[in-house]
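Subject: Structure handover

Hello,

Here is the structure, followed by notes on what was found in it. Please keep it open while reading.

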Amino acid sequence: MVKIPYGKAVYLVSNNINKFYEAREVLNEYGLATVMLRIKGSEIQSDSIEEIAKESARTMAERLNLNVVTEDAGLFIEALNGFPGPYSSYVYKTLGNEGILKLMEGINDRTAEFRSAVAFAEPNGETKVFLGISSGKIAYRMVRGREFGFDPIFIPDGCDGRTFAELSIQEKNAVSHRGKAFKKFAEWYISLIKLKFK
């Protein structure tokens, strides 16, 4: 197997354009270009977003014979025992924001967190996962703004009571689970490039 060279382009496997925009914004700060590969990958059923991202990256790297990055994220609500967690994408499609708010009716404890797992894999080689967490709470109503998943109902800590939907991409990346995970990946990847091209 020919070793795939490392370079300043990061290949993100995703069908989610909003995820791509946020990842691109972070990686650009490190001088990395982001290429979106809109390919439907296989996704295992697991209670762990880390395992889901890791397996997706591994299988796509082998399938494409390319170093790739995947990301899986979930909203974990304390009062709902971590629901929807790794099933967030499915729950968003079926229940949406209004459905989550209905489940939260009469619940005073609104504590929640978003978790992100960014996985990097090379064909028949290393797979590495980077985690990011954003703590906050569930709003009592939807707030219009950037329409991306559960952003209109999640209020991150330290943002003056604004939801993710009300923040610019730059503001959101500074505090978000995805921003933190991609920053960890970028720092590691840059150090790897420097090591390989020494």
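Rings of Phe, Tyr and Trp (its six-membered ring) are taken as a pair if their centres lie within 6.5 Å; planes under 30 degrees apart count as stacked, over 60 as edge-to-face and the rest as tilted. This is a predicted model, in which local features need pLDDT of at least 70 and side-chain atom pairs count only at pLDDT 80 or more, while totals for chains, interfaces and linings use all residues. Residues are numbered from 1 along each chain as its sequence is written, and side-chain values use heavy atoms, with hydrogens and water left out.

Aromatic rings

The ring rule gives 12 aromatic pairs. One of them is Phe114 with Phe164, which is stacked, at 5.8 Å centre to centre and 25° between the planes. Phe114 is in strand 5 and Phe164 in the loop between strand 7 (154–156) and helix 5 (169–175), so that the pair links parts of the chain 50 residues apart; helices (H or I, at least four residues) and strands (E, at least two) are DSSP runs, numbered from the N terminus. Phe164 is buried at a relative accessible area of 0%, and Phe114 is buried at 6%. Buried means under 20% relative accessible area, exposed over 50% and partly exposed in between (1.4 Å probe, protein chains only).

Phe130 and Trp188 form a tilted pair, 5.3 Å centre to centre with 50° between the planes. Phe130 belongs to strand 6 (residues 127–138) and Trp188 to helix 6 (residues 177–196), so this pair ties together parts 58 residues apart in sequence.

Charges over rings

Lys172 lies over the face of Phe164, 5.0 Å from the ring centre. The charged end of Arg110 sits over the ring of Tyr140, at 4.0 Å from its centre. The criterion is NZ of Lys or CZ of Arg within 6 Å of the ring centre and within 35 degrees of the ring normal.

In helix 2, the buried residues are Ile49, Ile52, Ala53, Ser56, Ala57, Met60 and Ala61. They cover an arc of only 150° around the axis (taken from the directions from the helix axis to the C-beta atoms), which puts them on the same side of helix 2. Their cover includes strand 1 (9–13), strand 3 and strand 5 (111–121).

Gly74, in strand 3 (residues 68–77), is buried with a relative accessible area of 0%. Leaving out residues up to four places away in sequence, Gly74 touches Ile49, Gly85, Ser88, Glu113, Phe114 and Arg115 (contact means heavy atoms within 4.5 Å).

Regards
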